[in-house]
Amino acid sequence: MQEQDKTADRNPHIIEDRIIRAALSGHIAPGERLGEKDLSQIFNVSRTLVREAMMRLQARGIVEVSPRRGWLVIEPYR
């Protein structure tokens, strides 16, 4: 997810899907911090759209928000 993505189409569902795929494929590690500013630059969208996608991921149990740390990918249970 290092390369800038200009096809996010200003849609939080697309951002959500791509973050899920990156987590499942191991490109994003469990416990890794996901910064809104960085993600907004990667997807070429506003931080508001990133935040909306992250809240949807939080509702699905994929990420959690931590005070002073931001969004983190949840470690799966074994």
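**A friendly note on the fold and its packing**

1. Read along the sequence, this protein follows the pattern α-β-α-α-β-β, with three helices and three strands in total. Helices (H or I, at least four residues) and strands (E, at least two) are DSSP runs, numbered from the N terminus. Please keep in mind that this is a predicted model, where local features need pLDDT of at least 70, side-chain atom pairs count only at pLDDT 80 or more, and totals for chains, interfaces and linings use all residues. Residues are numbered from 1 along each chain as its sequence is written, and side-chain values use heavy atoms, with hydrogens and water left out.

2. Let's begin with H1 and H3. Helix H1 (residues 12-24) packs against helix H3 (residues 47-59) at an angle of about 55°, and their axes are 8 Å apart. Axes here are lines fitted to C-alpha atoms, for helices over the stretch in contact, and angles run from 0 to 180 degrees between N-to-C directions. H1 and H3 are therefore oblique to each other; angles under 35 degrees count as roughly parallel, over 145 as roughly antiparallel, 65 to 115 as roughly perpendicular and the rest as oblique.

3. Which residues in H1 and H3 meet? From H1 come Pro12, His13, Ile15, Glu16, Ile19 and Ile20, and from H3 come Leu49, Glu52, Ala53, Met54, Arg56 and Leu57. Contact means heavy atoms within 4.5 Å.

4. Now for H2 and H3. These two helices pack at an angle of about 110°, with axes 9 Å apart, and they are therefore roughly perpendicular to each other. Glu36, Lys37, Leu39 and Ser40 in H2 meet Arg47, Val50, Arg51 and Met54 in H3.

5. The largest nonpolar core has 18 residues, and Ile15, Ile19, Leu34, Leu39, Phe43 and Met54 touch the most other members. Such a core is a set of buried Ala, Val, Leu, Ile, Met, Phe, Trp, Tyr and Cys residues joined through side-chain atoms within 4.5 Å. H1, helix H2 (36-43), H3 and strand S3 (70-73) each supply at least two residues of this core, and H3 gives the most, with five. Of the 78 residues of the protein, 35% count as buried (under 20% relative accessible area, with exposed over 50% and partly exposed in between; 1.4 Å probe, protein chains only).

6. Finally, have a look at Ile62, in the loop between H3 and strand S2 (63-66). Ile62 touches Ile20, Leu57, Leu72, Val73 and Ile74, not counting residues up to four places away in sequence. Ile62 and Ala23 are 39 residues apart in sequence and 8.8 Å apart in space, C-alpha to C-alpha.
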